[in-house]
Every structure is written in C-alpha cells, then in structure tokens.
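Subject: Structure handover

Hello,

Here is the structure we talked about. Please open it first, then read the notes below.

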Amino acid sequence: MHSQQVTAEPPSKDGAGHDSTTGDVPRVLPSPASGAGHPPLTFDVIIAGCGPTGAMLAAELRLHDVRVLVLERETEPTSFVRIVGLHIRSLELMAMRGLLDRILPHGRRRPAGGFFAAIPTPAPTGLDSSYAYLLGIPQPVIVRLLEEHVIEQGALVRRGQAVTGFTQDDEGVTVELSDGERLRSRYLVGCDGARSTVRKLLGVGFPGEPSRNDTLMGEMRADAPQEEIAAKVAEIGASRHPFWLRPFGEGVYSVVVPAEGVSARTEPPTLEDFKRQLRAIAGTDFGVHSPRWLSRFGDATRLADRYRVGRVLLAGDAAHIHPPMGGQGLNLGVQDAFNLGWKLAAQIRGWAPETLLDTYQAERHPVAEDVLDNTRAQVALASPEPGPRAVRRLFTELMDLEEVNRRLIEKITAIGIRYDFGEGPDLLGRRLRDIDVKQGSLYGLLHRGRGLLLDRTERLSAGGWSDRVDHLADPTAALDVPGVLLRPDGHVAWIGDDQRDLDDHLSRWFGEPIG
C-alpha cells in the first residue's frame, strides 16, 4: 500500500537540519551511526498514531522547530461519529495554544457536572477556571481539526502507514514501516492506541484487569417524547446500571445499556441489539432509529509499567486504558502530549537538564493511576448489585456537600492535579488559571510554548534563559504572590521574589543559561 503524504515540513526557523535551497524538502542529515548500516537521520521524532494525542504532541514539538513525522495506519480519517467531551483542563490547554477559538464553533457547551458515575449533581459554583464547562464535539471533527493544525505547523503526516518494527541505539531509532521502508529518527513515540504495536515491540508490561463486563454505547434518534424518556430513565436509573438515555438535542440521544446476552464480543453491535436491551430493561425501545454510531466497550483497566525505554516513549491509550466513565480518556492523552512535548523538544534542542525527560513518567504515571482508580470506583458504583447500589445512594448524598462535589469535579476534569515539585506553597506544581494581565490574558502569552516569568515586583529577570522563557513585568497581574515561573504546560514551577532562588529553578527546568 502506498502511503498518503499529506504535507512536507517547511524549513527550520534556524536553518538547522534543512536545506535552504529546496524549500519544504527536509535535508537528509548524516546519522552518527550511519556506518552501522542505519538509514540517514531525517527526522527528530517519529510519532506512531495521528489521533488527538499524536497530533497534539506533534504540534507541541513543531513549536520548537522539531522535525516531526506522524504515521497513521488508517488511510482516511474515521467516519465513526461519536461525541467526545473536552474537559476543563483540556480546554485550558487548547486556549494556551490559541486553538480554542478554532474548536469552539464545532462543539456544544454543556454544564460541568454529573460526570462522576453519572450521578446527576450540578457542578459546584466558582470553579477555578475561565473554561468551566464541558465541550461536546464529534470525534472525527476534533481529530480533523487537530490534524489540520499540526499540518499547518509544519509536521509531515503519512496516512496508510504504520510502525511494524524498530531498533534503537545511543544515537537514535531505526523504524520499519508497513511498506518495508526504513526511517531514522532521534526518538520514537507510540501514540498508537490501546493495542499499541510500539508498546508490544518495546516489551513494556501492561498489567491490570481484563474486561469483565461489557456495555453497549451509541448515539441515535428516538421518537418517544423527551419527557417520557426522562421519566423512565429516572425511574430505572437508580436500580439498573449501566443504563441511560441522554439528550444531545434535535431528538438525538446517547444510549448506554448492558451488553449481557448480546452477540459475541467480536461482533459489532446492531441497532436491534440496542432495541432488545431497551425493551428488556425499560419495557420499550423508545422508538430508537437512525444510529450515528454503535460500539461496545469493556471495563479493562491497564497501565504501562514504563512510559520510556531509552529513545522510545508511550503516550495516550498506548500507555493506559480504562472504561470511559467520566469521559477522561481523550483528555488524559492530550494532557500527556502537553507534558511530554516541550520536554522532548528541549532534549532535542540540547538545553534540557539531565533529568527533564524522566519527569514525564514521574508526573504523568501517577495521574494515570489516579484516573484508573476513579474509573474503577465508578464502574463499581454502576453495578446493579445491592451492595454497590447502597454505596451509590450514599455517594449521591455525599455529593450534595460542596466540598465533596468540588473534589470529584476537579479530579475528573484534571484541574486538581498537583505535580510533586518539592516543598512549597500549595500553588507550586499546580496549573495556573487564565488570569488578566496588562497584555490581555495569561494564556495568550503561552501560545509559543515557552516558559513564562510573571513578575509583579518588576525586579526579576529571566536573564540567560530569555531564549526559552518570556518575561512579563506586571504589578497589576491578578495574582496574590510576587512572582511565578510557569512551565510551557502552564504548571507553576517557582513562586517568590528572590532572583537567586529563581535562577536555581530556571536551571532546574530550563537548563544552563546562555552567555
């Protein structure tokens, strides 16, 4: 099969690694190990998979002029029209890169509540974000928008090709493609999904629990009146899970029913399967018809032992899988990409501190562990057995408490994450919300994917790190501390007003100063 080449990379901003006489054609660089029979080094990073995780990682790398090739097994974008949700933290990250305005017109805003185990508790008031809502958007649309974005950024995307093998050494990775071509890059990142070829070839363990209970999920139209559907769901919902019909507008519903008794797991579900399950549970099929998509998922829960082995890394579903309770999967992968992108770029650009790339696993692996645990809890609360039903009733009562509700919303939407940066104020290691600054909004200053020193004292300096860290002196910034150092992913890396202490933290996160 011939690959579909979507675009070619533009010349590097600094000219390094590209032939200025050939426009958009990358110059082939000699590999330090080319004498060992390796193909020439053409790319800095090869990414397997052009879903949301792979596309966002490629875009983050391109902000730092890293030469990227993205390989996507599918020859055409999926036509599988499934609505996915972007949670608060993912919306913040999109805003940080100037992408949110591009995405918003294609989605529908919904209140940020009722996520945990589908317990219908409204979101608490005053969530610490300017983007305190859920954006529902068709999966093919978000994939298309992100792929278009990464192409505009200058990444090379090849459809109809996949990684079938690779070897790595101290200088790079030699990657074999499904058409037999061999390519050479400095790093390889597997964003190739739950059945990741990269992870399997790397030999990384994927421990966890296999699927025990399957569920049918789909989107379809229903002819029954919305009031009738809502009343029946309310009547049954407290005693039978998983079961719901949630309106998406214009007569379209998200439908979830147990898969028990339905055709074998290897067979795709049919509309008749949904009708049969609805009649068995509710006594009516609500006149469902015209499905947009139908799928079957299990409750398998697994987490990769390691996210990095040498020059090969894993992100997104290649590193972790879990049931879709709370709608966290896509968001978790996109957030992996934002954490990894600037660190891998720093490594390639030569200014990364020695242990920077290792912080990717140190920070993101515990986050995935927490997501797996909360989805396990949600699956348990969806059981129709008497014990879990009693616990669900208790949780429903507890979620009427503002503190409990807020804690669970912050967990599901990832705005409660605090990376372990050592001792310090509670804000250290957390993301900083979008605040007003004299140049507009804080997130508007992060579009280039650089660090940012926000200085209310007007006495601090980024000094020798100015090629990696921007500096805004603004005594009017809506901040209750004298100064903060933000990483490119928006997490607070330092708080204070002492220049010497700041310099130490600049070195910790952004390497040695120039000059």
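Start at Ile47. Ile47 touches Gly54, Leu57, Ala58, Leu61, Val68, Leu69, Val70, Leu71, Val189 and Cys191, leaving aside residues up to four places away in sequence. Contact here means heavy atoms within 4.5 Å.

Some ground rules. This is a predicted model, where local features need pLDDT of at least 70 and side-chain atom pairs count only at pLDDT 80 or more, while totals for chains, interfaces and linings use all residues. Residues are numbered from 1 along each chain as its sequence is written, and side-chain values use heavy atoms, with hydrogens and water left out.

**Cores**

Ile47 and Leu344 touch the most other members of the largest nonpolar core, which has 119 residues. Helix α8 (residues 329–349) gives the largest share of this core, 11 residues. A second, separate core has 22 residues, including Met220, Val262, Leu271 and Leu278. A nonpolar core is a set of buried Ala, Val, Leu, Ile, Met, Phe, Trp, Tyr and Cys residues joined through side-chain atoms within 4.5 Å. Buried means under 20% relative accessible area (1.4 Å probe, protein chains only).

**A sheet and its helix**

There is an open sheet of 3 strands, in the order β4-β6-β5, with antiparallel pairing. Its edge strands are β4 (83–86) and β5 (108–111), and each pairs on one side only. On average, neighbouring strands of this sheet are turned by 35° against each other, direction ignored. β4 is joined to β6 (residues 133–138) by 4 bridges. Leu86 has Leu135 in β6 as its bridge partner. Strands pair if DSSP finds at least two bridges between them. Helix α4 (residues 139–153) lies across β4 and β6, at about 90° to β6. Helices (H or I, at least four residues) and strands (E, at least two) are DSSP runs, numbered from the N terminus. Axes are lines fitted to C-alpha atoms, for helices over the stretch in contact, with angles from 0 to 180 degrees between N-to-C directions.

**Rings**

The structure holds 7 aromatic pairs (ring centres within 6.5 Å, using the six-membered ring of Trp). Tyr419 and Phe421 are both buried. Trp342, Trp351 and Phe510 form one aromatic cluster.

Arg246 lies over the face of Trp244, 4.1 Å from the ring centre. Over a ring means that NZ of Lys or CZ of Arg is within 6 Å of the ring centre and within 35 degrees of the ring normal.

Best wishes

Methods
Buried < 20%, exposed > 50% of the residue type's maximum accessible area, 1.4 Å probe, protein only. Phe/Tyr/Trp six-rings, centres within 6.5 Å; stacked < 30°, edge-to-face > 60°.
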